[in-house]
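Please open the model in your viewer and keep a selection tool at hand. The stops below go from charged pairs to a sheet and end at a pocket.

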Amino acid sequence: MSSKNITVYLNEKCPQGCFIRIVSKFFKEAPSFEFINTFSEEVKAKLLSYSPTKTIPLLKDGDLFVSGAIPVVKYLLALNPETKKLLVGGCPKGEAVCDMWLNFFINSISPIVYEINQQLNGKKKFNKDIFDMAINDLVEQLEVVNKNLTFKTFLLGNSISLPDLLLTSFVFQMYSKVLIDNLKSKIPHVIRHFLFVSSLVEVKDIYGVPTPIKEMVKPLPYVEPVEEKKEEKKEKKEKGDKKEKKEKGDKKEKKEQKKGEKPAENAQPSEKK
């Protein structure tokens with residue numbers, strides 16, 4: 001079996017999307033990737049209609065669709081048993097620990113990173129109170145990981161694994177945006193782990209080299225949605241409804257005209273008699 005004929009739709013800059021691409025670097029044959037940030041809103045909407053959970057990343061294999069970063073990676077690993085053994089381990093205990101960390105990162109760290117990115121990228125109005133709270137929450141969650149890495153190089157066993165790659169994918173974006181020196185000093189083992197894993201060729205191919213910062217990056221200005229667009233959509237819908245109503249009325253009128261013509265046609269032979 002191979003992942004060669006599989007397509008994965010994802011956001012090019014999303015940490016979870018980058019995680020999938022990093023894992024795929026370990027395959028002999030990687031799936032093809034389509035970046036949805038280059039799609040029109042109409043195409044995105046159509047694509048999401050195929051997603052079982054209405055979310056991205058989304059994997060397509062024939063008529064099968066699988067959504068979510070972890071399910072997508074697990075599906076790909078099932079087709080690449082050698083890589084699965086390398087990144088997950090070959091025993092139930094190893095798989096349990098692997099799932100434990102993956103779930104922790106997706107449930108506890110991913111939402112915080114998402115909120116920070118949304119505010120910094122101008123996708124949401126910048127709210128300093130919420131932003132500062134998100135930074136504190138991020139450090140608190142990373143302190144949990146930091147404690148577990150105190151005497152370890154990796155989160156699972158003695159080699160690189162899925163949790164190491166997912167953690168690095170989340171930390172990478174924060175490292176170059178918000179993790180200033182006084183925050184990094186609170187999670188030294190996470191930073192040590194991050195700098196080691198990010199030096200791997202598979203990670204560098206996707207992210208490049210991490211850039212330390214002295215100050216947090218400034219948020220991009222938030223652009224209010226243009227209300228005219230909503231009005232335009234409303235007008236188009238109203239015009240469409242009127243056109244559809246008119247077409248139905250025209251069809252009905254034609255049918256009535258045809259019905260009215262038939263009796264006259266039928267009457268002609270009787271008149272000749």
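A salt bridge here is a side-chain nitrogen of Lys or Arg within 4 Å of a carboxyl oxygen of Asp or Glu. This is a predicted model, in which local features need pLDDT of at least 70 and side-chain atom pairs count only at pLDDT 80 or more, while totals for chains, interfaces and linings use all residues. Residues are numbered from 1 along each chain as its sequence is written, and side-chain values use heavy atoms, with hydrogens and water left out.

**Charged pairs**

Side chains of opposite charge can pair when their charged atoms come close. Is Glu41 buried or exposed? Glu41 is exposed, with a relative accessible area of 60%, whereas Lys44, at 22%, counts as partly exposed. In these terms buried means under 20% relative accessible area, exposed over 50%, and partly exposed in between, with a 1.4 Å probe and protein chains only.

Select next Asp132 and Lys128, whose side chains form a salt bridge at 2.7 Å, N to O. They are four residues apart in helix α6 (residues 128-148), so about one helical turn separates them. Lys128 is exposed, at 53% relative accessible area, and Asp132 is partly exposed, at 30%.

Now select Lys25 and Asp205, which form a salt bridge whose closest N and O atoms are 4.0 Å apart. This pair links distant parts of the chain, since Lys25 sits in the loop between α1 (15-24) and β2 while Asp205 belongs to helix α10 (residues 201-207), 180 residues apart. Lys25 is partly exposed at 40%, and Asp205 is partly exposed at 49%.

Show the strands next: four of them form an open sheet in the order β2-β1-β3-β4, with mixed pairing, where two strands pair if DSSP finds at least two bridges between them. β2 (32-35) and β4 (64-67) stand at the edges with a single partner strand each, so one side of each is left without a neighbour in the sheet. Strand β1 (residues 7-10) pairs with β2 in the parallel sense over four bridges, and the bridge partner of Leu10 in β2 is Phe35. Helix α3 (residues 69-78) packs on this sheet, touching β1, β3 (58-61) and β4, and its direction makes about 130° with that of β4. Contact means heavy atoms within 4.5 Å, and axes are lines fitted to C-alpha atoms, for helices over the stretch in contact, with angles from 0 to 180 degrees between N-to-C directions.

**The pocket lining**

For the last stop, select α5 (92-120), one of the helices that each supply at least two residues of the lining of the largest pocket. The largest share of that lining, five residues, comes from α5.
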